[in-house]
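Hi everyone, thanks for coming. I'd like to walk you through one structure today, so let me put it up on the screen.

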Amino acid sequence: MIDRLIAHLDMDAFYASVELLRYPELRGQAVVIGGGSRHQPEEATDPATGAIVRRFTRLRDYAGRGVITTATYEARALGAHSAMALMKAARLCPDAVLLPTDFDAYRRYSRRFKAAVKAIAPQVEDHGIDEIYIDLTDVGLAHGAAAADETTAAAAERAHRVAQAIKDAVRSGTGLSCSIGITPNKLLSKIASELDKPDGLTILTAADVPSRVWPLPARKINGIGPKTATRLEAFGIATIGELAHADPVWLVEHFGASRGAWMHQASHGRDDRPVVTYSEPVTISRETTFERDLSVQRDRDMLSEIFTDLCEGLAEDLQRKGYVGRTIGLKLRYDNFKTVTRDRTIPQPTQDAKTIRRAATECLKRVPLERRIRLLGVRISGLCRPEEAAAFAARVVAEPPAEPTPSLFDHDL
């Protein structure tokens, strides 16, 4: 008898896998993603064959303070991993290929794989660019059958069949592989999807928790971060099983009533959270961290171009998702890591790039620009649907004609 069948689908080394579609000659090699545009491969034509020959940047040649976005499994085997400094990775695997990030491409492939999944199992909770939760409880059932009447073996067979169909659809629609974990809840499915990567398909029941889950490090529970894991280790608790056998009262005493109770439940594989198929976004944003700190005086043109690209990308996100917004925000992080934000609410909701850029430029006038800048971002909140905005506009006095949009970081700011 089963209650729910919840799947967690995680794309395998997503960004790197997208890049390997573009550069298939790199398959089987150590590749890290995280460089800037200057690390774009150089292309030349072989005079003898007429074939395109690419020259790739090697990690040994990198200089800067960037970090790895993701890496192929071959690079991971050499010690490179997400969020590692590229300079440190260069010491571990100097011959690894370095590629620039291309988030527009990753978003396109993200939309493709999610559409492929929804064609089979529509109850999907979006959980980021490369992972989703899927409610499979009633997917693939024979006409008139009920999941509650299935045996555990029959449910497992159905889950395997549906999951394989999803994996095949994702590969057909994107050329990429994914790993799927299926269990009675989201917490266990998140863990299960990582057990047999890459290209894994793992099905666990509550009875499998002691043998498959308890031996894992406590940090494998989504929600137990490095600091909590370190505290647990100081108390002699390193694995999920050791956490499961800890006294619940002791956990509450040391980690608080809410968190201590949750840790006890999670270590036993209990999780009642539903798959949430839809939620209105609160804000939409675009930001980028520079490979080197940019100076307002020396890099004005570059900053202006980047800022325009961010505003146009934000407008495209709004248009694609079907939203307009009223509160435009600016985010700056200086070379001393201090972060400042400013917001401006405009009279009428918008999804227009020029309007967004104009409002963000007004925000820029309210921040000091003496220090070099390491991160620049724009965001928009106060979101609503265009039809709601139309009704709102009818009640608002028309906005006066817009002044020409000034260039970002103009001297008169």
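Let's start with Phe255, which is buried, at a relative accessible area of 10%. Before going on, please keep in mind that what you see is a predicted model.

Now, the aromatic rings. How many aromatic pairs are there? The count comes to 8. Take Phe14 and Phe113: their ring centres are 6.2 Å apart and the planes make an angle of 75°, so this pair is edge-to-face. Where do the two residues sit? Phe14 belongs to helix α1, residues 14-22, and Phe113 to helix α4, residues 103-118, so the pair ties together parts that lie 99 residues apart in sequence. Phe14 is buried, with a relative accessible area of 3%, and Phe113 is buried too, at 0%.

Back to Phe255, as promised. Its ring pairs with that of Trp250, again edge-to-face, with 6.4 Å from centre to centre and 65° between the planes. Is Trp250 buried or partly exposed? Trp250 is partly exposed, because its relative accessible area is 22% and buried means under 20%.

One more thing on rings: Phe14, Tyr15, Phe103, Tyr106 and Phe113 are linked by ring pairs into a cluster.

Over the ring of Tyr109 sits the charged end of Arg112, 4.6 Å from the ring centre. Tyr133 has Lys186 over its face, at 5.1 Å from the centre of the ring.

As background, nonpolar side chains tend to be buried together in soluble globular proteins. Here, the largest nonpolar core has 39 residues, and the ones with the most contacts inside it are Leu9, Val117, Ile134, Leu136 and Ile166. The largest share comes from α5, with 6 residues.

Leaving out residues up to four places away in sequence, Ile134 touches Leu5, Ile6, Ala7, Leu9, Val117, Ala121, Gln123, Val124, Ile166 and Val275. Apart from this core lies another one of 32 residues, among them Leu303, Ala315, Ile328 and Ala359.

Is Glu125 buried or exposed? Glu125 counts as buried, with a relative accessibility of 11%. A polar atom of the Glu125 side chain lies 2.8 Å from the backbone nitrogen of Val276. Beyond its neighbours within four places in sequence, Glu125 is in contact with Ile132, Tyr133, Lys186, Pro274, Val275 and Val276.

Last stop, a sheet. There is an open sheet of 4 strands, in the order β5-β7-β2-β6, with mixed pairing. Which strands stand at the edges? They are β5 (57-58) and β6 (70-71); each has a single partner strand, so one side of each is left without a neighbour in the sheet. β2 and β7 pair in the parallel sense, over 4 bridges. If you want to find that pairing on the screen, look for Val32, whose bridge partner in β7 is Leu98.

How values were computed. Residues are numbered from 1 along each chain as its sequence is written. This is a predicted model: local features need pLDDT of at least 70, side-chain atom pairs count only at pLDDT 80 or more; totals for chains, interfaces and linings use all residues. Side-chain values use heavy atoms; hydrogens and water are left out. Rings of Phe, Tyr and Trp (its six-membered ring) pair if their centres lie within 6.5 Å; planes under 30 degrees apart count as stacked, over 60 as edge-to-face and the rest as tilted. Helices (H or I, at least four residues) and strands (E, at least two) are DSSP runs, numbered from the N terminus. Buried means under 20% relative accessible area, exposed over 50%, partly exposed in between (1.4 Å probe, protein chains only). A charge sits over a ring if NZ of Lys or CZ of Arg is within 6 Å of the ring centre and within 35 degrees of the ring normal. A nonpolar core is a set of buried Ala, Val, Leu, Ile, Met, Phe, Trp, Tyr and Cys residues joined through side-chain atoms within 4.5 Å. Contact means heavy atoms within 4.5 Å. A polar contact is a pair of N or O atoms within 3.5 Å; within protein, one must be able to donate a hydrogen and the other to accept it, and residues adjacent in sequence count only if both atoms are side-chain atoms. Two strands pair if DSSP finds at least two bridges between them.
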